[in-house]
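Please keep the picture open while I talk.

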Amino acid sequence: MAAAGTRLGVDFGTSNTVAVLARADGRVNPLLVDGQPQLPSAVCATPAKELLVGRAALHTARLHPDGYEPNPKRRIDDGFVLLGAQEYEVVELFAAVLRRVADETRRVTGSPAPDEIRITHPAVWGGARRDLLRRSAVAAGWPVQAVGLVPEPVAAAAAFAEVHGARLPVGGNALVYDLGGGTFDATVLRRTASGYDVRATDGLVDAGGLDIDHAILTHVGAIVEKRNPDAWRALTSPTSAAERRARWLFQDDVRGAKELLSSASSTLIPVPLIDDEIPVTRNELDALTRPLLERTISAVQGVLREATLTPGDLSALFLVGGSTRIPLVATLLHRTLGVAPTVLEQPELIVAEGALRVRAFDAPPSAAPPSAQASAAFPAGAQASGVFPAGAQASGAFPAGAQASAPPFPAPRSAPPHHLPPQPGAPRYPAPPHGVPAHSAPVVHSGPPFPPHGANHPGGWRPGHPTMPYPEPQAAPGVARGERDFRSAQPAPAPFTPPHAAAPVSAAPVSARPYGAAPVSGPAVGAAPVSGPAPGAAPVSGPAPGAAPVSGPAPGAAPVSGPAAGAAPVSGPAAGTARPVSAVPVSGTPGSGPSGKPTVQVRTMHQPGESVEFRGHDGPVSSLVISPDSTRLATAGADRTVRIWDLATGRRIVTLTGHTARINGIASSPDGSRLASVADDRTVRIWNPGTGTELASLTGHTDMIRAVAFHRDGLRVATGSFDHTVRLWDTRSGATVGTLTGHSDVVRAVAFHPDGRRVVTGSFDQTVRIWDVDTGQQLATLSGHGLVHAVAFSPDGRILATAGVDGTARLWEADNGRPLGERLAGHSGAVTGLAFRPDSRALATAGIDGTARLWNVVTGRALTAPIGGHTAALTSVAFSPDARTLVTGSHDTTARVHPL
C-alpha cells in the first residue's frame, strides 16, 4: 500500500506530460523523469517491437523515424496507430506514457501506487475519450478505483487560486487561456463554495504550439525552396530513412527556434541536407503567429459572450500552457480585454498542480455492459419488438410544433424500388434474444418500422402533413464572410459533372442474395449469367426510364482486361505526380447474357492490377470521392486542402483552399456539380469543383465535424460532429433544417439510403442509428462493433454495412436491421472505411493495418489477397462508378488507384 495521503496529479499533454506528487507530509513537488519536470509525450516503436517513451523515443526516432509518433494525444480517435511495421492501439500508446510516470512514481515513493491519481483532460472531451484515458491509466498499472479525471481549466483555476495565491473569491469569475502544444481552449469558470463551475468553454483544434511550428516551417521553407528545391522536396516528402531523419531534425530545430525567440530577438535555423542556415527574428515570429493568436482572442470573446460577461466582470485571467510563453500572447490579451493576465514562471506545471486541489472530480463510473448502456435510452416497459410506446416523443431535434408549410425535406419525386421486399413473417428490427451476450448478437432497438417504398410518405416536421414544394429561401444565413450566394449562380463546367446523365445503378437488378439471407431465385454470384431479372426488378434489356442509354457494359460491369475508355494506360508512369507502383497481370472478360447485353460476371478470386500513386498532400489523406463519370478524383487532407485529380493521368487539376483546420470528410452531389467538405474548423463548405470556388461556408456545429453525405436530390447534406449531433442542411440557403440528437459521443460516419428517406449514423458511443429523414424520428439502433468508424448502404438499397474498432465489417438487411451472416474479419486493426461496388455484390474495406480488402457479400469470403502498397494506416476507400478501379487514401499522405 502507498503511504496514506500520497496523491499524484498528471497533466497528459499533446507534446509533454507533467506530474506533480503530493506526499503525506505535505510536500508537493514536480515528479522528475530523466531529471526533468516535463516528459515528452512521444512514443517510438523499434524493429524489436519495443515501445519507447519520452526522451528515449526522441533519440530513437532519428534511427527509426517511421516508428515515431510525437503526439499520441492527437490520435485519440484513431483506434489504432501503425508505428513501423507494428500496429498499436491508442490505449497502448497512452498507457506507455502513463506507465513511465507510474514507474518513476514507484521508484521515488517506494510504493506500488499513490492513493489518488488525478489525470486532466480537455473540458470538451466526451465520455468515450474520457473512458479511453481511464482505461489507459489502468493499463499503465494504476488501480481503477484510484483514478479520477479533472477538466484542465478547472485544475488550472484551482492551482492559480489555491497554490499561487491569485485573487479569485467565491462568486468570482476567471478566464483560463490555455495554449498548449496541440490545441487551444478558453474557459470561463465561477468559483463556488464547493469548487468551480464551468460557465462556458470553447477551443480551437488547430491552434497550438505545433501549428506555430508549422507556420515557422512554412516561412523557412519558402526561403529554402528558392535556394535548393531538391533539398526542400526531400525534407517535405522524404523517400528514404536518411531524408526522414533529416526532416525530423529540421522540425526539432524549428521548435527550438520558437522557444528561443520567446526571450531572444533573433536566432538561426540550420537546414539539414544542405550547408545553410536561415535567420528568424522576433518580429517575424510575431507576424507569423499573429493570425493564429487573433483567432484565440476571438474564441475568448466568444466564451465571454456565452457566459454573459464582460471583461470587467473577470476577477482573474490565467495563462496556461507552454505556448503562452510567446510574448505576443499576453500583449494581445491585455490590449483586447484590458485585463492583465496572471503569468507564472513555469506555466507547464500549473494544470498538474491544480488537479490535486480540486475537491470534486470525475470518479470511475460503475461498470455496465454495452447492452445495458444501449437499452438505457429506451423507456421502461417498451415492447420486445422495440416499438416506442404510444405517446413517446421522437427526436428532440424535430419539434412537434414546427410549421408544416415549409418542410425541410420533401419526399423524392420518384423513388425507385431499391429495397428487397421483406420476407413473410420476417420481423422488423427485432430485439436480441433474451440472455444472449452483446458480443455474440447485436443489440437492436427500434422505433416504428420503415415506411415501405412507394407508400404515401408524409413529409414536413409533423406526421400527417403532405410534403409541399421546396420553398425558395429568402435569405442565406449560412453564407459567411461576404461569400457569393450560389443559389442564383450559374454552374461552370465542373470536372465532377458527367457529360450526360448516367443510368442509375439500381436499373440493373441484382439476383444474387446477400449471404446469410433466405434464398432468392437465381444463381449465386460467380455462376452462369442470369437469364432474366429478379422478380419485380426493372428489365435488363434497357436502362431505367429517363436514364441515358448504355452502349457498353451494364452498370457495375467492368472489363478487367484494359483501362476505361479514353483513359491513359497504366503500364507506364502517369503524368504529374502520380506514378505506378506495381504491375500484376489481370485476365478475363465480362460475360454476355442471352439478350446480347453484357452482364456482370464476378470471379471468386482475382488479383489487383497496377497500383498508381497520387502524391501531393502535406499530411494524411483523410477522405476521397470519385466523380460520377469516373474521370476525376477528389482527395481531402489534414493539410486543410481538397485536391482534384485526373484519374487517368494523375494530373492535379485544382486545389481547393479555405478550411483553417484538418479536413475530415468530403462528398460529391450525385450529378458531380458540387462538393461538400467538413473539417475540424467546425464548418461545412460547398464548392464548385470546376472553378475551385467556395460557394458557401455553413456554420452551426459547436465542435469539430467528422462526416458528410449528400442526399440524392443534390440539395441537402448531412453532417456528423464531435458535438454528438447530426445536422441536416439546405445547401441553397445554408440553413440547418434539422438536428438529429440521441448519440452520446462523436458521430464519426453518416450515409443516406439510396431512396433518400433514411439516413444512417455511426458513433463512438458504440451505436449505429437509423433515422427517418422527413420526421427526424429514430427508427433503429444497432450495436456490436464498439467504436463505429464507417457506415454505407449498398447502391441497390438492400444492405447496410458497418465497420468499427473491432477490426470487422458487418452486413445488415437495410429494411429490418437483421444481421446477414458472420462478421467480415481479416484486418488486424480497426476498419476505417467502407465502399460497395456499384453492382452491390462486393464490399471494399480499408483498415488501419494499411490494407484494403474485397469481400463477396453473398458468401462473406475475401475476393482477393489484401491490397497493399501504402506505408501507413488507410483512412478511406472508394470504387469508381464504372467499377474499373478501387481508390484508397492513407495516413502516408497518398492516394492509390488500383485497377480491377
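Let me begin with Ser 323, which lies in the loop between β17 and α9 (327–337), where the names follow DSSP runs numbered from the N terminus, a helix being H or I over at least four residues and a strand being E over at least two. What you see is a predicted model, in which local features need pLDDT of at least 70 and side-chain atom pairs count only at pLDDT 80 or more, while totals for chains, interfaces and linings use all residues. Residues are numbered from 1 along each chain as its sequence is written, and side-chain values use heavy atoms, with hydrogens and water left out.

Is Ser 323 buried or exposed? Ser 323 is buried, with a relative accessible area of 9%; buried means under 20% relative accessible area, exposed means over 50%, and partly exposed is in between, using a 1.4 Å probe and protein chains only. Setting aside residues up to four places away in sequence, Ser 323 touches Leu 179, Gly 180, Gly 208, Gly 209 and Val 329, where contact means heavy atoms within 4.5 Å.

Leaving aside neighbours within four places in sequence, Ala 355 is in contact with Gly 9, Arg 118, Thr 120, Val 150 and Ala 155. For one of these, Val 150, the C-alpha atom is separated from that of Ala 355 by 6.4 Å, although the two residues are 205 residues apart along the chain.

Let me turn to the aromatic rings. A search of the whole structure finds six aromatic pairs, counting rings of Phe, Tyr and Trp (its six-membered ring) whose centres lie within 6.5 Å, with planes under 30 degrees apart called stacked, over 60 edge-to-face and the rest tilted. Phe 160 and Phe 318 form a stacked pair, at 4.1 Å centre to centre and with 5 degrees between the planes. Phe 160 lies in helix α4 (residues 152–162) and Phe 318 in strand β17 (residues 314–320), so this pair ties together parts that are 158 residues apart in sequence. Both Phe 160 and Phe 318 are buried.

Next, a pair of helices. The axes of α6 (residues 229–236) and α7 (residues 241–260) come within 8 Å and cross at roughly 90 degrees; the axes are lines fitted to C-alpha atoms, for helices over the stretch in contact, and angles run from 0 to 180 degrees between N-to-C directions. That makes α6 roughly perpendicular to α7, since angles of 65 to 115 degrees count as roughly perpendicular, under 35 as roughly parallel, over 145 as roughly antiparallel and the rest as oblique. On the α6 side the contact is made by Trp 232, Arg 233, Ala 234, Leu 235 and Thr 236, and on the α7 side by Glu 243, Ala 246, Arg 247 and Phe 250.

Now to the strands, where two strands pair if DSSP finds at least two bridges between them. Strands β15 (residues 266–271) and β16 (residues 276–281) run antiparallel and are joined by six bridges, with Ile 269 standing opposite Ile 278 in β16. Four residues lie between the strands of this hairpin, in which Leu 273 takes a positive phi near 75 degrees. In the hairpin of β8 and β9 there are two residues between the strands, and Gly 84 takes a positive phi near 65 degrees. Four bridges join β8 (residues 80–83) to β9 (residues 86–89) in an antiparallel arrangement, and the bridge partner of Val 81 in β9 is Tyr 88.

There is also an open sheet of three strands, in the order β6-β5-β7 and with antiparallel pairing, whose edge strands, β6 (51–53) and β7 (68–69), each pair on one side only. Helix α2 (residues 90–109) lies across β5 and β6, running at about 50 degrees to β6.

Finally, the chain as a whole: its secondary structure comes to eleven helices and 48 strands, and buried residues make up 56% of its 900 residues.
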